[in-house]
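Let's walk through a protein model together, one question at a time. Have a look at it first, then read on.

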Amino acid sequence: AVGAEALTAVVADADVDQEQALPDGAPLEEGASLKLDQVMVALQSLTGDDFLTSKLNADDPEGHKIRKNATSDAGVSLTSLAYFATAELRMKNLHSFVQEHYAQNVLRERQDTKSRYEVSSEGVKIANIFGAIEENKAELKVAEYSVSQTSLEQVFNMHAAEAARRLES
């Protein structure tokens, strides 16, 4: 997209207190682990919706790890589950922020707690993106971020890739 800005944000590591991250009734003894049914109940009661439980599938790399461990004989550790829940909720907050502030956006890449969005530059200035992130950095728990403009080379490559797709069709 011509006239696009790239926003890359890394959410801070999930430094969580297990007692705060998991609902009442979850086992809190040292080395405790949970099975899938316990994980589902814990995640559902944590948020009151299906957001976290819906991520426990093969299409979500982090959720898949939790599901795989929870269905193993050993179960999933409370530390792993707390980290997963905290990181996913932080990423959800970041995504909601981007959606709210930049209606024309595309999530281009996500790796663990790093996301790269493409934001339309129509009516948006880079300085305003920096300002919005900086103003909300603590609330979003953003450890680092960058904003860049799409280069002419990137625009050329996008148009070349689109032309190649048309020729293949």
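**Getting to know the fold**

Q: Is Ser115 buried or exposed?
A: Buried means under 20% relative accessible area, exposed means over 50%, and partly exposed is in between (1.4 Å probe, protein chains only). Ser115 has a relative accessibility of 2%, so Ser115 counts as buried.

A quick note on the source: this is a predicted model, where local features need pLDDT of at least 70 and side-chain atom pairs count only at pLDDT 80 or more, while totals for chains, interfaces and linings use all residues. Residues are numbered from 1 along each chain as its sequence is written, and side-chain values use heavy atoms, with hydrogens and water left out.

Q: Which strand holds Ser115?
A: Helices (H or I, at least four residues) and strands (E, at least two) are DSSP runs, numbered from the N terminus. Ser115 sits in the strand that spans residues 114-120, and that one is S5.

Q: Which residues does Ser115 touch, not counting residues up to four places away in sequence?
A: Contact means heavy atoms within 4.5 Å. With residues up to four places away in sequence left out, Ser115 touches Leu7, Thr8, Ala9, Met91, Leu94, Leu107, Glu109 and Arg110.

Q: How does Lys92 count by its relative accessibility?
A: Lys92 is part of helix H4. Its relative accessibility is 32%, so Lys92 counts as partly exposed.

Q: How far apart in space are Lys92 and Phe51, C-alpha to C-alpha?
A: Leaving out residues up to four places away in sequence, Lys92 touches Asp49 and Phe51. Lys92 and Phe51 are 41 residues apart in sequence, yet in space, C-alpha to C-alpha, the gap is 9.1 Å.

Q: How are H3 and H4 oriented: roughly parallel or roughly antiparallel?
A: Axes are lines fitted to C-alpha atoms, for helices over the stretch in contact, and angles run from 0 to 180 degrees between N-to-C directions. Angles under 35 degrees count as roughly parallel, over 145 as roughly antiparallel, 65 to 115 as roughly perpendicular and the rest as oblique. Helix H3 (residues 61-70) and helix H4 (residues 78-101) pack at about 155°, with axes 11 Å apart. That makes H3, relative to H4, roughly antiparallel.

Q: Which residues in H4 does H3 meet?
A: On the H3 side, the residues are Glu62, Gly63 and Ile66. In H4, they meet Ser80, Leu81, Phe84 and Glu88.

Q: How many helices and strands does the protein have?
A: From the N terminus on, the elements run β-α-β-α-α-β-α-β-β-α-β-α. The protein has six helices and six strands.
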